[in-house]
Amino acid sequence: KFEEVFKISKVNFNLVCDLLQVPEVFKLENRRKVDGRVAILICLARLIQAPRCLSELRQHFDSERTHLSRCYNKALEWMCEKWADKMLRNLKAWGPHMEAFNDAINWKCAEVTSVLGIDDYTYPSRCALLVDGTHIQICKPTHTKEGVYSGHKKCDVFNTHFLIAPNGLAVQVPKVFAGPVNDARIWSESGVEKDLETIGDKLLGWYPCVIGDPAYTCSAFLMSGYKRKRGQELTRDQESFNNITSKLRIPVEWSFATLKHRLFRCTDNKTQWKLEQMAIGLAVDFMACWHNLILLCCGKSTQSEYYHIRMPTLQEYFDIINNN
C-alpha cells in the first residue's frame, strides 16, 4: 500500500532520502519535532492524494490537522530551499550530456522523416532539448484577481514551462508566473538562452537548440513551428517542418501527463490551490523535483524508450546536479 499511496516503493523512498540528505528531525514553528522522512511523506501525500482537507490524511498519519499542515510547510520549504535550484535551475550541469541528447533527437528525426515519407528533407541538427508551457488552475482569489485571471484560459491560473531532456527528466523549470503570461515571455525571462550560450562556448563548440511549439518566438537557441498567417497557406516544406516538430515534441506532453495526472492529482482540482493559503511556486518546484526522482527510481520512462536513450541511475543523477 505504501507504493500505491506515495507512487514510490519504500526501499526507493529511503534510498532517495539518503541521497537528499533529509535531516533526521525537522523542528516545526511551534518548536515541536517531527521525523524528517515522515514530513516528506506528508508533503507527498498532500500533493499526490489531493485530499479535500488535511484531516483525510489521518488515515495514513495519526496526527491532528494543524500538525500535518506544519509538517507539510516545513518539508516543502526545506526541499525547495536545498534542492530546487540544483534540480530545476542548473542547466549548465547538463552541458556534458547535450551531445547525447542531440544524437537521440537526430536519430528520432531521421526515423520520423522516413515514416512521413519526406526523406529528402533536411532538419536542423543542433536540437538537444524540448520545451512547452503548462498552467495550474487555482481558486478564485478572495480579495483580488488582478494579475491572476487569464483571458485565454477563462480562469485564474499560474503558468510556467518545463525544459525536458529526451529521457523525460525536467532539467529547467523557472519560477511560476501569475495569470496572463504567454510562453514567449516565460522563455525570455527564464535565462535559458544565456545558459545555452555558456554551454556552447565552454563545452561543445556549438550552440544547443530547444524545440518549442509555435507559441514561442524563434531565436538562435529556440526553434518553433511555422504559424499560419491570415489569408496565407503554409508551403509544403513548412508543413513538413511542423509535422516533424510535432512528432519530436510528443514526449513533452507525456511529461505533463505524468506529472499532472499520474503522479500529482492535486493539479486536476483547482480547489487544492488557494492563493492566500498555499505557496504555489514552492509546490510546483516540489512536484517537479519528485517527478524526476520517481522516474529515476523506475529506471526508464516512455520518453527514454521513444528516443532510445538511457535513463541515468539515481546516483548518476545526483552526481550530475552536484557537479556544478
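Predicted model: local features only at pLDDT ≥ 70, side-chain atom pairs only at ≥ 80, totals over all residues.
View 1. With 5% relative accessibility, cysteine 209 counts as buried.

**View 2. Cysteine 218 is partly exposed.** Here we turn to another cysteine. The nearest cysteine sulfur to that of cysteine 218 is the one of cysteine 209, 8.2 Å away, and cysteine 218 is in no disulfide. Its relative accessible area is 49%.

**View 3. Helix 3 packs against helix 4.** Take a look at residues 36-48, which form helix 3, and residues 65-88, which form helix 4. Their axes lie 8 Å apart and meet at an angle of about 100 degrees, which means that helix 3 is roughly perpendicular to helix 4. Helix 3 brings Ala39, Ile40, Ile42, Cys43, Arg46 and Leu47 to the contact, while helix 4 brings Leu68, Cys71, Tyr72, Ala75, Leu76 and Trp78. By class, 11 of these residues are nonpolar, none is polar and one is charged.

**View 4. The protein chain holds 12 helices and nine strands.** Stepping back, 52% of its 324 residues are buried. The protein chain exposes about 15,700 Å², with carbon and sulfur atoms supplying 46% of that area. Of the contacts between residues at least 6 apart in sequence, 68% join residues at least 24 apart.

Definitions and conventions: Residues numbered from 1 in each chain as written. Heavy atoms only, no water. Axes fitted to C-alpha atoms, helices over the stretch in contact; angles between N-to-C directions. Helix = DSSP H or I, 4+ residues; strand = E, 2+ residues; numbered from the N terminus. Parallel < 35°, antiparallel > 145°, perpendicular 65-115°, else oblique. Contact = heavy atoms within 4.5 Å. Nonpolar A, V, L, I, M, F, W, Y, C, P; charged D, E, K, R; others polar. Buried < 20%, exposed > 50% of the residue type's maximum accessible area, 1.4 Å probe, protein only. Areas by Shrake-Rupley, 256 points an atom, 1.4 Å probe, with all protein chains shown as cover. Disulfide = S-S within 2.5 Å.
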